[in-house]
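I opened my notebook for a short tour of this structure. Here is what I looked up, entry by entry.

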Amino acid sequence: MPKKLREAYKIKENGYVIVEVTDDGLIIKGQPDLKEVISWVRERQKNYQVQ
């Protein structure tokens, strides 16, 4: 990922990101907070169980 984009979205070099696939393309989120990751995983698990 180019340096300008990493800086603009607060993504650290060699850091972690969340990549989410949507109908419109990819969503790339910068260095996530642990609580955000847990919430994201639980939401996906809930949606997966419903389908």
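**Entry 1: the model.** I am working with a predicted model.

**Entry 2: salt bridges.** I searched the whole structure and found three salt bridges.

I began with K3 and E7, whose closest N and O atoms are 3.8 Å apart. Both sit in helix α1, four residues apart, so about one helical turn separates them. I noted K3 as exposed at 53% relative accessibility, and E7 as exposed at 51%.

Next I looked at E20 and R44, whose side chains meet at 2.4 Å, N to O. This pair links distant parts of the chain, with E20 in strand β1 and R44 in helix α2, 24 residues apart. I read E20 as buried at 17% relative accessible area, while R44 is partly exposed at 29%.

Then came K46 and E43, with 3.6 Å between the closest N and O atoms. They are three residues apart in helix α2, again about one helical turn. I have K46 as partly exposed at 47% and E43 as partly exposed at 33%.

**Entry 3: R6.** Is R6 buried or exposed? I found R6 buried, at 18% relative accessibility. R6 lies in helix α1, and beyond its neighbours within four places in sequence, R6 contacts M1, I11, K12 and E13.

**Entry 4: the nonpolar patch.** I traced a surface patch made of M1, L5, Y9, V17, V19, V21, L26 and I28, with about 800 Å² of accessible area together. Strands β1 and β2 each supply at least two of the patch residues. I checked V21, which is in strand β1 and is exposed at 67% relative accessible area.

How values were computed:
Residues numbered from 1 in each chain as written. Predicted model: local features only at pLDDT ≥ 70, side-chain atom pairs only at ≥ 80, totals over all residues. Heavy atoms only, no water. Patch = residues over 30% accessible without salt bridge, like charges linked within 9 Å, V, L, I, M, F, W, Y side chains within 5 Å. Areas by Shrake-Rupley, 256 points an atom, 1.4 Å probe, with all protein chains shown as cover. Salt bridge = Lys/Arg side-chain N within 4 Å of Asp/Glu carboxyl O. Buried < 20%, exposed > 50% of the residue type's maximum accessible area, 1.4 Å probe, protein only. Contact = heavy atoms within 4.5 Å.
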